Amino acid sequence: MDESEPLAELHVHIEGTLEPELIFSLAERNRVALPYSDLADLRSRYEFTDLQSFLDLYYANMQVLQTAEDFADLARAYLTRAARAGITRAEFFFDPQAHTSRGVPLSEVVDGLADAVAGARAEYGVDAAMIASIVRDRPVTEAHEVFGELMRLQAPVIGLGLDSAEMGYPPSLFEDVFARARAEGLHITAHAGEEGPPEYVVQALDLLGAERIDHGIRSLEDPELVARLVDEQIPLTVCPLSNVRLRVVDSLADHPLRRMLDAGLSVSVNSDDPAYFGGYVDDAFAALQTHLGLTDEERTTLARNSIRAAFD
Ligand code: HPA
Ligand code: ZN
């Protein structure tokens, strides 16, 4: 692939870019007592057995994020690293409820992230945008409240997503919240088919109006769904390093990415939570080249798919 070719990252949680070093420096700045003796102790916990085991650490570490300055520092660190990875367009998620539920005002979160996004093109050469994501294992009423507050704050978000623990929390629960988002002209995307069944992907499309599916790899279990995804060219934002670390697939060599490309699915490569899963998008491409024999041609297709799947 021509390294100067445009590349979009469409599936990255900004809180999942919180590197161990930044956790320690923010803890010191905000006088937060961490339950880890040092960096090595923290890093020793980055061994996951499934999505929930990761989410427990991901949410716990967020306690160090408290002020707009913290959120701006977090986003700037990601944008700096994303530029190095060759990313020209970044549409990143944030989880409002992960912060409001522990007493952080939504305005601190939004102001800090928006500040970094506003300067991203000039400072890093990355065109950046924010997608608010509903935390699906929290109450539906809370999702409505937080969406209302985002609208009151006129938060500069381009879309609404759905993330966190998937099993037992079908997209159907959130139909009304997503209808409100569509009425506001927001783009829609949803995590589905990571740990959850193909049926959740169908619900995300039909009930939420999702324009993209985040992960979606379990769609492969349903040939009818695959045919539809190909026919409608619905983008799937695939995260190979995440899938291995969360044991959704056994190894990179077994990853279905090539099968998905060969089936004609519109797939892109993304990092998900790079501070936790062993790397950013450039690391993912390098690992795929090594372990899956990803060719330059396939890499070019993946990059072009990412740009075509970008919301703006
Ligand atoms: N899946 C669901 N929710 C998440 C993830 C993920 O991989 N990362 C952060 N929130
Ligand atoms: Zn994700």
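How far apart do the end C-alpha atoms of residues 6–311 lie, and how much of the span is helix and strand? The end C-alpha atoms lie 15 Å apart, and the span is 48% helix and 14% strand. This is a predicted model: local features need pLDDT of at least 70, side-chain atom pairs count only at pLDDT 80 or more, and totals for chains, interfaces and linings use all residues. Residues are numbered from 1 along each chain as its sequence is written, while chains are lettered from A and ligands numbered from 1 in the order in which they are written.

**The annotated span**

- UniProt, in an unreviewed entry, lists residues 6–311 as "domain: Adenosine deaminase".
- UniProt positions follow the numbering used here, feature names are shortened, and annotations may be inferred rather than shown by experiment.
- Helices (H or I, at least four residues) and strands (E, at least two) are DSSP runs, numbered from the N terminus.

**The sheet**

- Eight strands form an open sheet, in the order β1-β2-β3-β4-β5-β6-β7-β8, with parallel pairing.
- Two strands pair if DSSP finds at least two bridges between them.
- The edge strands are β1 (8–9) and β8, as each pairs on one side only.
- β3 pairs with strand β4 (residues 157–163) in the parallel sense, over six bridges.
- I134 stands opposite L162 in β4.
- Strand β7 (residues 235–238) runs parallel to β8, and four bridges join them.
- V238 has V269 of β8 as its bridge partner.
- In strand β8 (residues 266–269), S266 and S268 point one way, V267 and V269 point the other way, and all are buried.
- Buried means that 20 or more other C-beta atoms lie within 10 Å of a residue's own; exposed means 12 or fewer, and partly exposed is in between, with C-beta atoms placed from the backbone.

**Helix α6**

- Helix α6 (residues 106–118) has 13 residues, which should span 18 Å at 1.5 Å a residue; its end C-alpha atoms are 18 Å apart, which agrees.
- The expected span is 1.5 Å times one less than the number of residues.
- Its buried residues are V109, V110, G112, L113, A116 and V117.
- Seen down the axis of α6, these buried residues fall within an arc of 165°, so they line one face of the helix.
- The arc is that of the directions from the helix axis to the C-beta atoms.
- The buried residues of α6 pack against α4 (68–84), β2 (89–94), α5, α7 (120–124) and β3 (127–135).

**The nonpolar core**

- A nonpolar core is a set of buried Ala, Val, Leu, Ile, Met, Phe, Trp, Tyr and Cys residues joined through C-beta atoms within 7 Å.
- The largest one has 93 residues, of which A75, L79, F92, L113 and A204 touch the most other members.
- α4 gives the most to this core, with seven residues.
- Not counting residues up to four places away in sequence, F92 touches V12, I14, Y78, M130 and I131.

- A98 lies in helix α5 (residues 96–100).
- A98 counts as buried because it has 22 C-beta neighbours inside 10 Å.
- Beyond four places in sequence, A98 is in contact (C-beta atoms, placed from the backbone, within 7 Å) with E15, Y59, M62 and V135.
- A98 and M62 are 36 residues apart in sequence, and 7.8 Å apart in space, C-alpha to C-alpha.
- UniProt, in an unreviewed entry, lists D273 as "binding site".
- D273 lies in the loop between β8 and α14 (274–277).
- D273 is buried because 24 other C-beta atoms lie within 10 Å.
- Leaving aside neighbours within four places in sequence, D273 is in contact with H13, G16, Y58 and S242.

Notes: Two residues are in contact if their C-beta atoms, placed from the backbone, lie within 7 Å.
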